[in-house]
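Subject: Structure handover

Hello,

Here is the structure you will be taking over. Please open it first, then read the notes below it.

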Amino acid sequence: MINLKALSEEELTGFLLSLDLPAFRVKQLLYWIYEKRALHIQDITELSKALRERLSKIACISNLKLLDRRVSIDGTEKFLFGLEDGEAIEAVLIPDDDRLTLCVSSQIGCAMGCRFCLTGKMGFIRNLQAHEIVDQVIAVQRLIEPRTTTNIVFMGMGEPMNNLDNVSHAFKRMNSLLKISRRRITVSTSGVIPGMKRLAGLTPAVNLAVSLNATTDDVRGYIMPVNRRYPVRTLMRACREYPLEPRRRITFEYILFEGLNDSSGDAERLVRLLRGIPSKINLIPFNPYEGAEFRRPREERVQFFRSLLQSGGITAMVRKSKGLDILAACGQLRGA
Ligand code: SAH
Ligand code: SF4
């Protein structure tokens, strides 16, 4: 069985050609699979019954299985999807003013082992295929109609740079087939520099986010093992050299941990580190979970930290913690 969703546009063209089907069928199929979100080949009523039957014998359309759906009191929704091999992944939908952002997973688990992250605690299970990533968008879209997702962030489970082939195929398809602007797609990394360099050369160009989380190698090395390989100075140099389009910025994620990285010294260092990099900062007060070794700072501390960054000339936003009550907030995904 050939899964039509697992094929790129070029591969689908080749496949139809091998069946002696005319090229216009490609457009038709893509439209039905990605825009009409057909669940089965049988649903593609624009094809003759005979052709549908012929195709169904050799091909199929994969779909994620919805296992669970939870809505937070703040409107955030968490979707648990089952994959064909029985594994499960989470995607989180975050409403914000006029935006509806979908946070997608790129791997099952994660090998990076950040101390504060529940996904990291699972360890690494496997990479997601490109269509398993795109399918998160298609499945959620189908479930939330008539609302539409406006933005995609690769901030769910996994380190996208460790699965960049599939991730890049996925954002390419989101852009060309699901018609999501590349400017509304963001790939987040814990600072895997070779991946960042590769991403810089890929099309379509999408936004980059970097999870910085600390300003010294001591602290960052303690909470993020990746820092031992790519320390803060090296990471900042890679960011400074990252080719940005005019008016584009790198987003830096900075989790605030009480007493660990929330001092005025940290704020000053952060301002210095970001000098010369078109950037903005998302401050994320640590999202606690049972047994966590870190604490979330008080709200006044968070605002104070933010004001120090602002006076240093840096755009800083505090990420309202969305979905805390349903464990859908940043770093709380574990495909349970
Ligand atoms: N692996 C990539 C993409 C996942 S994004 C990356 O790390 O960038 C997950 C984001 O949530 C990261 O910015 C991470 O720093 C943050 N995060 C992880 N655990 C968290 C927690 N418990 N509270 C708040 N933010 C957390
Ligand atoms: Fe992996 Fe990102 Fe979690 Fe670190 S924060 S363990 S890189 S998902």
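Please keep in mind that this is a predicted model.

Start with ligand 2. Its surroundings are Cys 110, Met 112, Gly 113, Cys 114, Phe 116, Cys 117, Gly 120, Gly 158, Glu 159 and Ser 190. Sorted by class, this shell holds 5 nonpolar, 4 polar and 1 charged residues.

How much area do domain 1 and domain 2 bury between them? The figure is about 1,100 Å², with 54% of it on carbon and sulfur atoms. On the side of domain 1, Lys 5, Tyr 34 and Arg 37 lose the most area to domain 2. Together these three account for 58% of what that side buries.

Now the polar side of that interface. The rule finds 3 salt bridges between domain 1 and domain 2. It also finds 5 residue pairs in polar contact across the interface.

Over the whole structure, the search gives 16 salt bridges. One of them pairs Glu 90 with Lys 78, with the closest N and O atoms 3.2 Å apart. Glu 90 sits in strand 5 (residues 88-96) and Lys 78 in strand 4 (residues 77-82), so this pair ties together parts that are 12 residues apart in sequence.

Last, some backbone details:

- Glu 145 to Pro 146 is a cis peptide bond, with omega near 5 degrees. Pro 146 is in the loop between helix 5 (130-144) and strand 9 (151-154).
- Thr 203 and Pro 204 are also joined by a cis peptide bond, and omega there is about -5 degrees. The loop between helix 7 (193-200) and strand 11 (207-211) holds Pro 204.
- Lys 179 is not a glycine, yet its phi is positive, about 60 degrees. Look for Lys 179 in the loop between helix 6 (164-176) and strand 10 (185-189).

Over to you.

Best wishes

Note on methods:
Residues are numbered from 1 along each chain as its sequence is written. Chains are lettered from A and ligands numbered from 1 in the order in which they are written. This is a predicted model: local features need pLDDT of at least 70, side-chain atom pairs count only at pLDDT 80 or more; totals for chains, interfaces and linings use all residues. Side-chain values use heavy atoms; hydrogens and water are left out. A residue is near a molecule or strand if one of its heavy atoms lies within 4 Å of it. Ala, Val, Leu, Ile, Met, Phe, Trp, Tyr, Cys and Pro count as nonpolar, Asp, Glu, Lys and Arg as charged, and the others, Gly among them, as polar. Buried area is the accessible area (1.4 Å probe) that two parts lose on being put together, summed over both. A salt bridge is a side-chain nitrogen of Lys or Arg within 4 Å of a carboxyl oxygen of Asp or Glu. A polar contact is a pair of N or O atoms within 3.5 Å; within protein, one must be able to donate a hydrogen and the other to accept it, and residues adjacent in sequence count only if both atoms are side-chain atoms. Helices (H or I, at least four residues) and strands (E, at least two) are DSSP runs, numbered from the N terminus.
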